[in-house]
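Please open the model in your viewer and keep the sequence panel beside it. The stops below say what to select next and what is to be found there.

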Amino acid sequence: MSDITRGGQFLVKETKCEDVFTPEDFSEEQIMMRDSVKEFVDKEIWPNKNRFEAKDYAFTEEVMKKAGEMGFLSVAVPEAYGGMGMGFVDTCLVCDYISGATGSFSTAFGAHTGIGTMPITLYGTEEQKQKFVPKLASGEWFGAYCLTEPGAGSDANSGKTKAVLSADGKYYSITGGKMWISNAGFCSLFIVFARIEDDKNITGFIVENDPSNGITMNEEEHKLGIRASSTRQVFFADTKVPVENMLAGRGEGFKIAMNALNVGRIKLAAACLDAQRRVTSNAVNYANERIQFNVPISSFGAIRYKLAEMATSAYAGESATYRAAKDIETRIKLREAEGTSHQEAELKGVEEFAIECSILKVAVSEDVQNAADEGIQIYGGMGFSEDTPMESAWRDARIARIYEGTNEINRMLSVGMLIKKAMKGHVDLLGPASKVQEELMGIPSFDTPDYSELFSEEKELIGKLKKAFLMVAGGAVQKYGPDLDAHQQLLTAAADILIEIYMAESTVLRTEKLAKKQGEANVKEQIAMAKLYLYKAVDVVTQKGKESIISFAEGDEQRMMLMGLRRFTKYTNMPNIVGLRETITTKLVAENSYCF
């Protein structure tokens, strides 16, 4: 166990490219699974985009049933309960490729397979799992998750919904209102969170959707995007729930909610990937077809810039998401091999990498929005029209930064969890942070290193970015100690540095592994994307690092840290950024699609 990577350790431990899993490492079975999901999407979903945009909720339900028949709803469900029992990478893979055509379907799919089914497979008793999970796995039933209330959003534990035990001790009566409930309009079962008496924490319940049992709903919400995803308010008035339908123990609901969100976060990142690939491919197609000034607009530098950036962020998102998914899968298998139950192994495996899950949720949800935004721009006036797929992609992307915990919450969580891990001794931040302090006091080396090997300078630079994070975060922790939580702007800036380090490192390691396998000459576009991503990451670290240092340090300390930041963000050989973008776009334009 000692040598296995722990969550957050990427910051203080050098990772070898051989130790990361990449999309190029998919097994034959995984490739077959991916292709069958793509075929399903291209046949059932993409040609019917207009029905989703026209709020055809019944059609969403119909396609969900077909997905159930294909087995796609059961990938993560253990075989004992009618599922395929596939690994964590497989579940991310299905989530990735099934989500690219419309946010309406991907939300229905994610809400059902994730927060609608998973709390029962991970926390349910044997009886609960036998009773409910096979119906959810097959698509005979659909699940929904009732956590948010008008007064309880990010502060999920502050919900007012009550659960009162009956005099004979046989059932609970649940009363309260929930909002933004995905799949509410066609679900058979709710996971409902309510408070018993004055308990500190909420409790989870499995509630069958029976309107005669005090369950009512508002009309469908009118939303900016994900228009055919059923979203309603749900009200419970003395809804009777048998005591055996309590999920886990009394007061365990907050824990269930938080752990379900951890899994939801990496799945949400995966669910944004194929959307990015499709947006990029559509933009390339249009740029190749659209003629202005007698040439395709794909020949203009301003358009080529956009295409290169879109492809690069999609490639980086894939690199980081599958790296983390495999780390989680490895951790789950290790625990199972030690005799831990599947439930416990999966919970602990995902919890171990909660920092990475938050990083991915933020990075990929913001990248997909940017890609769709640039996609509209490339289409020009046509991009603003409902007749092309870009405006719906842009609207659908917008929710990804809000649900599964807002990006603001996730930024603060990523750094907060890292500091907590350091305090518990799970990740040694103090040792490396004090080494950085010593390095700042010492004289820098002026030797010119040998950078002849591919990515040798880039990997050294990533190591220096990690030092920049330790310097900035360490300085803030020293200054504010346990009160750091109150300084959200500093936490957010530190999170942005942390995010860029993980994304850039994942991209470089994936590409290094690929180059070793296929030869540098055959992957020059991927090499260009890795270098371009890192260059932009360095810019973010420089800006956020400076903003932090000048906000919490003064005098000599400030000067020393700013000097350190310059040292830690300095290239020996600057890359030719325009040249890198040209390399990437030339390939995209020639292939007429996102082809990596």
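This is a predicted model: local features need pLDDT of at least 70, side-chain atom pairs count only at pLDDT 80 or more; totals for chains, interfaces and linings use all residues.

**First stop: a helix and its end**

Select helix α15, residues 456-480: its 25 residues reach 36 Å from the first C-alpha to the last, close to the 36 Å expected at 1.5 Å a residue, where the expected span is 1.5 Å times one less than the number of residues. Helices (H or I, at least four residues) and strands (E, at least two) are DSSP runs numbered from the N terminus.

Residues are numbered from 1 along each chain as its sequence is written, and side-chain values use heavy atoms, with hydrogens and water left out.

**Second stop: the strands**

Select strand β5, residues 203-208, where five of the six residues are buried, so the strand is largely enclosed by the rest of the structure; buried means under 20% relative accessible area, exposed over 50% and partly exposed in between, with a 1.4 Å probe and protein chains only.

Strand β1, residues 143-146, pairs with β4 in the parallel sense over four bridges, with G143 opposite L189. From β1, G143 and Y145 point one way and A144 and C146 the other, and all are buried.

Which residues touch the most other members of the largest nonpolar core? Of its 170 residues, they are F105 and L307, a core being a set of buried Ala, Val, Leu, Ile, Met, Phe, Trp, Tyr and Cys residues joined through side-chain atoms within 4.5 Å. Helix α8, residues 253-289, supplies the largest share of this core, 17 residues. A second, separate core of 19 residues includes A144, C146, I174 and V234.

Centre the view on F105, whose contacts (heavy atoms within 4.5 Å), leaving aside neighbours within four places in sequence, are F40, I45, F52, V63, M64, A67 and I98. Then move to T321 in helix α9, residues 301-337, which is buried with a relative accessible area of 0%. Not counting residues up to four places away in sequence, T321 touches I266, A269, A270, L273, L360 and V364.

**Last stop: the rings**

Rings of Phe, Tyr and Trp (its six-membered ring) pair if their centres lie within 6.5 Å, with planes under 30 degrees apart counted as stacked, over 60 as edge-to-face and the rest as tilted; by this rule there are 15 aromatic pairs. Select F132 and W141, whose ring centres are 6.3 Å apart and whose planes are at 40 degrees, so the pair is tilted. F132 is buried at a relative accessible area of 1%, and W141 is buried at 15%. Elsewhere, F21, F26 and Y322 form one aromatic cluster.

Finish with R278, whose charged end sits over the ring of W46, 5.2 Å from its centre; this requires NZ of Lys or CZ of Arg within 6 Å of the ring centre and within 35 degrees of the ring normal.

Terms used:
Two strands pair if DSSP finds at least two bridges between them.
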